[in-house]
Amino acid sequence: MKLILKLSCVAALFVLFTNAKVNAQGCVAIRSTGGLCTMDEHPDSANAAEGSWLLNSNSRYFRSYKHFVGTTEQKQRIALGTNVINHSYTNDITLTRIFNNRWSFAVDVPIVDNSRSSLYEHGGKERLETHSFGLGDVRLTAYAWLLNPAKARKGNIQVGLGLKLATGAYNYQDYFYHQGTTDAKVLGPVDQSIQLGDGGTGITTEINAYYNFTHKFGVYGGFYYLVSPREQNGVSTARGGTASAKAIANGSDIMSVPDQVMLRAGASYGTGKFDFSAGARYECLPVHDLVGGSNGFRRPGNILSAEPGVTFRLKSLSIYAFVPVALRRERTQSVADKISTNLTGTYTQGDAAFADYAVNIGITYRFK
């Protein structure tokens, strides 16, 4: 019975934490924030967990192409061929050190490969692409269980506190074509949605929890918030050109460094070597930051997704797949939009492109 309980707890923990990432599906530039968030080990097995390591590799891909203003889809963009199409691929490599049955520390290193095709960024004459590739923003996090794992056998709460470093290029440049009255190409910073980083050092906070009702069935929940004190990163949004008078007036000529939010909750069921989960996932790039100003260019918005998943477990190896499917997408009114509304007297709200779904596939290996 203890073995069965142990396996069910492992399942609940793995489902909850191996895919705890923020990386919204589109132009709302919520970036990947890390892989494994805790030990893939039952809290009661202190001797087995102490001094071990976890290596997690998670690959995430999505294609965003549907534009929204508020919650209304701009279907004419696809019909006219004026929509923006982003392809985003991120591979997170996360190494976690488990010190004992309560404390652990994780280092996440993301490698990012993005492309963006559009008409408007290339003079409106033909659809062309810009690209970015390289190291993203590295994250360092310390985790602790609040309850004594030796006594809290069915459920527990974990907190995490860390730093999101500005290691990813936030001024990545590529060529934009058909600029001005000629067909010349201009080298300039790519769109904010495909930059490798945001240029700010942030503070990450997490709360993760699970509870097992039986040896097969359990529930989980998680909360993540990135606090970004830096307001702007100094990078122009003019794609190598000169910012417009409107952009200068509303402050959108410079990229902002926004906060990020994620919530996850759901249930898991284990049978044999497989664990199946069904949950909800909410990702948000807020209009206003908790600390510091909120001026500059950003596309605030949120995505509510259904998140089915499956995990296959061996003794020291786990393989998983999660596919969050968008149920509701919203591009909210930014600070720059609000400034333009006040200046002109006409309501202004920008758009953003979102994906229908994202694909997460990963593997976790535990070793001494």
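1. Both Glu 206 and Arg 139 are buried (under 20% relative accessible area; over 50% is exposed, and partly exposed lies in between, with a 1.4 Å probe and protein chains only). The two form a salt bridge, their closest N and O atoms being 2.7 Å apart; the term requires a side-chain nitrogen of Lys or Arg within 4 Å of a carboxyl oxygen of Asp or Glu. Distant parts of the chain are linked here: Glu 206 belongs to strand 10 (residues 202–212) and Arg 139 to strand 6 (residues 139–145), 67 residues apart. Strands (E, at least two residues) and helices (H or I, at least four) are DSSP runs numbered from the N terminus.

2. This is a predicted model, in which local features need pLDDT of at least 70 and side-chain atom pairs count only at pLDDT 80 or more, while totals for chains, interfaces and linings use all residues. Residues are numbered from 1 along each chain as its sequence is written, and side-chain values use heavy atoms, without hydrogens and water.

3. Arg 299 and Asp 191 also meet through their side chains in a salt bridge, at 2.8 Å from N to O. Arg 299 sits in the loop between strand 15 (274–285) and strand 16 (301–313), and Asp 191 in the loop between strand 9 (186–189) and strand 10, 108 residues apart. Arg 299 counts as buried because its relative accessibility is 8%; Asp 191 is buried, with a relative accessible area of 8%.

4. Glu 283 and Arg 281 form a salt bridge with closest N and O atoms 3.5 Å apart. Shared partners join Arg 60, Arg 264, Arg 281, Glu 283 and Glu 307 into one network of salt bridges. The whole structure has 17 salt bridges.

5. The largest pocket holds about 720 Å³ of space. A pocket is an open set of points on a 1 Å grid over the protein atoms alone, where a 1.4 Å probe fits, with protein on both sides within 12 Å along at least five of seven lines; lining residues have an atom within 4 Å of a point. Its lining has 35 residues, with Tyr 120, Arg 239, Ser 252, Phe 297 and Arg 299 nearest the centre. Helix 4 (245–250) and helix 5 (335–344) are the elements that give two or more residues to this lining.

6. Leu 55, Ile 93, Leu 95 and Tyr 365 make up a nonpolar surface patch with about 320 Å² of accessible area together. Patch residues have over 30% relative accessible area and no salt bridge, and nonpolar side chains are joined within 5 Å. Leu 95, in strand 3 (residues 85–98), counts as partly exposed at 34% relative accessibility.

Terms used: Grid points are joined across faces, edges and corners, and a volume is the space filled by probe spheres set on the points. Patches are made of residues with over 30% relative accessible area and no salt bridge: like charges are joined within 9 Å, nonpolar side chains (Val, Leu, Ile, Met, Phe, Trp, Tyr) within 5 Å. Accessible areas come from the Shrake-Rupley method with a 1.4 Å probe; for residues, only the protein chains shown count as cover.
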